[in-house]
Amino acid sequence: MEITGYEVEWIRDPFGILTGKRYEFRLDLDVDAEDDLYTPNGVYIRAVYRVENEQGKLVTYDLVEKGTDRLLEFDLEDEEEIELAAFCEQHWQEAE
């Protein structure tokens, strides 16, 4: 999985319902044409990452087709999820 670009934004909780802070990531991917995940339009990941008491955790993610915003019915492999969580851990502070 190669991340070619990303954006991160702090998700505001005006009612104080959620514990910790949540951050939404949009990560553009370079997907090989041989991969099952490949689409001609391209693919990005929309992920939510939570930080509470200086501990971070990947809450959820979706694989989405660029241009159509169609959710793709795929899950990342375990090592790719670990890579995604590590990326979020390294970059969530950029939204502050």
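I counted 2 aromatic pairs, taking rings of Phe, Tyr and Trp (its six-membered ring) as paired if their centres lie within 6.5 Å, with planes under 30 degrees apart called stacked, over 60 edge-to-face and the rest tilted. This is a predicted model, where local features need pLDDT of at least 70, side-chain atom pairs count only at pLDDT 80 or more, and totals for chains, interfaces and linings use all residues. Residues are numbered from 1 along each chain as its sequence is written, and side-chain values use heavy atoms, leaving out hydrogens and water.

Entry one: tyrosine 6 and phenylalanine 87. I found this pair edge-to-face, with 4.9 Å centre to centre and 85 degrees between the planes. Tyrosine 6 is in strand S1 (residues 2-11) and phenylalanine 87 in helix H1 (residues 78-91), 81 residues apart. Helices (H or I, at least four residues) and strands (E, at least two) are DSSP runs, numbered from the N terminus. Tyrosine 6 is partly exposed at 31% relative accessibility, while phenylalanine 87 is buried at 14%; buried means under 20% relative accessible area, exposed over 50%, partly exposed in between (1.4 Å probe, protein chains only).

Entry two: tyrosine 23 and tryptophan 92. I noted a tilted pair, 5.3 Å centre to centre with 45 degrees between the planes. Tyrosine 23 lies in strand S2 (residues 21-30) and tryptophan 92 in the segment after H1, so the pair ties together parts 69 residues apart in sequence. Tyrosine 23 is buried at 0% relative accessibility, and tryptophan 92 is buried at 10%.
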